[in-house]
Amino acid sequence: MKERMTPIWFEELDSTNNEAVRWIKNFDNLSVLAARKQFAGRGQRGNKWDAEPGANLTFSIILKYRAAGMTPLPATRQFRLSRIAALSVCDFLADKGVEARIKWPNDVYVRDRKICGMLIESSLDGEYVDWSVVGIGINLNQKKFPVEVINPTSLTLLTGNRYDVVAELDAFCTFFLQRFREDGSRLRADYERLLYRKNELHSFTDCATGTVFQGIIRGINEDARLVVELNDGSSRTFAFKEISYII
């Protein structure tokens, strides 16, 4: 396995995830593709990821599980990637003096504002993951956002400093490699510790019915479903796209 990740920079791409998937056979394990400008960046739920050209980090990490030194990843344990990526972002931000939390499954928030989003795409080979592309967007230097972007923030808005995108991606890669090498128990514990709104009473929307309800996030179960305690003391679990936070 690589001891260091060296990003490949592009001036412009439709999206770094698209580029990684298109040419997946041509890239080595742990390759990092970064773009100064994306004109068709993608986020979760089919959303568009808007980022001011040259101001932010928009990149994708390629993971090939058939490569030397890689431990096979069962398809049922894919959530490990969300933990690694989200914790890496939190580590990166903590190094800048910013305390962040993970909004399940893998958005990163500072207080109630989103600073990072992710899109993880994988190809399966039977019961195992063949390869994954971990797409990450971190708001670094952007100060103004489109009106349709809900609750955004950036590192420069939080600290008042301006950051070099090339140097900061190199720094992030160091944190990613550290987390990638950690065992599952440490990742699970740190992810739960940094879970956004854990043990707090908040309102949510049940996406299947549109019903608004109150509950307390208690953690993640073995199937990576969100566990929410209801007012009557019972618990419900939710998969991705089955629950929406009201912020």
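How many bridges join S9 and strand S10 (residues 226–230), and in which sense do they pair? I looked this up: there are five bridges, and the sense is antiparallel. A pair of strands counts when DSSP finds at least two bridges between them. Helices (H or I, at least four residues) and strands (E, at least two) are DSSP runs, numbered from the N terminus.

A note on what I'm looking at: this is a predicted model, where local features need pLDDT of at least 70, side-chain atom pairs count only at pLDDT 80 or more, and totals for chains, interfaces and linings use all residues. Residues are numbered from 1 along each chain as its sequence is written, and side-chain values use heavy atoms, leaving out hydrogens and water.

The hairpin of S9 and S10 has five residues between the strands, and Ala-224 in its turn has a positive phi of about 65°.

I then moved to the other partner of S9. Strand S8 (residues 201–206) pairs with S9 (residues 212–220), antiparallel over five bridges. Thr-205 has Val-212 as its bridge partner in S9. In this hairpin, with five residues between the strands, I found Gly-210 with a positive phi near 80°.

Last, I looked at helix H5 (residues 184–193). Its buried residues (under 20% relative accessible area with a 1.4 Å probe, protein chains only; over 50% is exposed, in between partly exposed) are Leu-187, Asp-190, Tyr-191 and Glu-192. S9 turns up again here: what covers them includes S9, helix H2 (79–94), strand S4 (101–103) and helix H4 (165–180).

Terms used
Contact means heavy atoms within 4.5 Å.
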